Amino acid sequence: MPINYKTGIINEHKNVRNHSGIFDVSHMGQILIENNESYLHKLEKYIPLQLKKLIKNRSHYSFLLNKYGGVIDDLIISNIDIKDKSYLYIVYNASRKKEDEAIFISCAPNAEKIYEKNCLFAIQGPDSINVLKNIIDIPNNMNFFDILISKYDNNEIIVSRSGYTGEDGFELSIPNESAENLINLLLKNENTMLCGLGSRDSLRLEAGLSLYGHELNEKITPIEAGLSWALDKERLEDENLNGNEVLSDQLKNKLSNKKIGLICTSKSMLRDGMTLFDNNNNEIGKITSGCFSPNLNKSIAIGYIISEFNTDNPIFCEIRKKLELVKINNLPFVKKNYKKNGSIYE
Amino acid sequence: MGAYMSEKKYTKDHEWVSIENEIATIGISNHAQESLGDIVFIELPSVGSSVKAKDEICVVESVKAASDIYAPIDGEIIEVNNNLENDAAIINQDAENEGWIFKMKISDSNQYSELMSEDEYKQFLEQ
């Protein structure tokens, strides 16, 4: 996947917000794990959900946790039937394939890495449904984080209503041999276009979504990352879950750091790794992701600051040895536009 | 380019330089503009400052990353393109004309003649 295609990041970004765009995310991990009680029990050591109770044809945002409650990876896990057999279908980060697969295989030795034979495409934006519906059968009542098996080219494909841009959209897992054909068919719609990693990053940042290696890593727990909504609270009482005590304590007590959104008041760009200061030049935090926001026409960022800092006071970011005033902005920067109906997940 | 301008030359850092009456006009090459992608902000150098060749004197921010711009030769900054303050994307549209970044009074014209010609720069890009 390139950083951008020929019209550039800003154009791709705006096309997704206003119409639709297609991302080839085939680099991501996709695995099928048989829905078998022994496998699920082993996986529940790492995944903070009640895996045996997952609703059929629904997806969940979750994590693999280490024994300190830190995030080994963040992932989407779904309960689906393929050819009358029940599976967990998990989509995970390309950069964490090695770590994740070691866990998946240790829990379920016959887990099937389907990214070896299936491409993964995301079509994102308000027009996604119109681009897709003439080609693939999408039920009218399909909501955000619903997932189902559909057909294309006489092959079974996995269709989920999900994505990483804050917009309505779909992700399609499709056999390699049919993938090019499908992309070309989708691209016949003149309001859609191929989009690259650059706009994927600016879209997810505007939507306030975390990126592994930036907002998330093995030293940060989901609670510290402001993602406690994705934890099943009953599981935090379960000693079979890695880091359950750390996480329970964190839920009850004040955290040392908190995740914030920032907007730069000058035209300078906020970038990953920059340091944040209070007005007495004390270091109070760091930026974990920063970029230019095409929707706001300003630089935006996500970062962590110490919880004891009073956010009524000014915050400065050091950019090329100069201190620039930044303002806290609630996440997300751009309102999410999901099609949903009583989903507990944001 | 007008006939009154000297030959345009290029640096290995992908800047272009043209000289008229000992005043050098400097910008980034079209190739640099293409590889940076959408340019959203430029921190212009300060007028009046004296700089040496290879000094970092200003920064171009694209959506992807920040890139330093180096002084191609020794001299004094005498003018900056203020249009870029409001619309840095001019560089994407016309990097080697309207997208000029700054002008300098040069102190050593030998440094200019050592820079690459357009053909040499093209060969440099192919390497």
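Me: Which conventions apply here?
Reply: This is a predicted model, in which local features need pLDDT of at least 70 and side-chain atom pairs count only at pLDDT 80 or more, while totals for chains, interfaces and linings use all residues. Residues are numbered from 1 along each chain as its sequence is written, and chains are lettered from A and ligands numbered from 1 in the order in which they are written.

Me: How many helices and strands are there in chain A, and what are its overall dimensions?
Reply: Helices (H or I, at least four residues) and strands (E, at least two) are DSSP runs, numbered from the N terminus. Chain A has seven helices and 17 strands, and its C-alpha trace spans about 65 × 50 × 35 Å along the principal axes. The radius of gyration is taken over C-alpha atoms, and the globule rule is 2.2 Å times the number of residues to the power 0.38. For 346 residues a compact globule would have a value near 20 Å, and the 20 Å of chain A agrees.

Me: How are the strands of chain A arranged?
Reply: Two strands pair if DSSP finds at least two bridges between them. Six strands of chain A close into an antiparallel barrel in the order S12-S15-S14-S13-S16-S17. Its twist averages 45° from one strand to the next; axes are lines fitted to C-alpha atoms, for helices over the stretch in contact, and angles run from 0 to 180 degrees between N-to-C directions.

An open sheet of six strands in chain A has mixed pairing and the order S8-S9-S10-S7-S1-S11. Its edge strands, S8 and S11 (194–195), each pair on one side only. Seven bridges join the antiparallel S7(A) and S10(A), and A:Phe121 stands opposite A:Leu172 in S10(A).

Me: Which residues of helix H5 of chain A are buried, and which are exposed?
Reply: A residue is buried if 20 or more other C-beta atoms, placed from the backbone, lie within 10 Å of its own, exposed if 12 or fewer, and partly exposed in between. An α-helix has 3.6 residues a turn, so residues three or four places apart point the same way. In H5 (residues 176–186) of chain A, the buried residues are A:Ala179, A:Leu182 and A:Leu186. They cover an arc of only 80°, taken from the directions from the helix axis to the C-beta atoms, and therefore lie on the same side of H5(A). On the other side, A:Glu177, A:Glu180, A:Asn181 and A:Asn184 are exposed.

Me: What covers the buried residues of H5(A)?
Reply: Two residues are in contact if their C-beta atoms, placed from the backbone, lie within 7 Å. The cover includes S1, S7, helix H4 (128–133), S8 and S10 of chain A.

Me: Is A:Glu99 buried or partly exposed?
Reply: A:Glu99, in helix H3 (residues 97–107) of chain A, is partly exposed because it has 16 C-beta neighbours inside 10 Å. Leaving aside neighbours within four places in sequence, A:Glu99 is in contact with A:Ile72 and A:Asp73.

Me: How many residues of chain B are in contact with chain A?
Reply: Nine residues of chain B are in contact with 14 residues of chain A. Strands S4 (39–43) and S6 (56–62) of chain B each supply at least two residues of that side of chain B.
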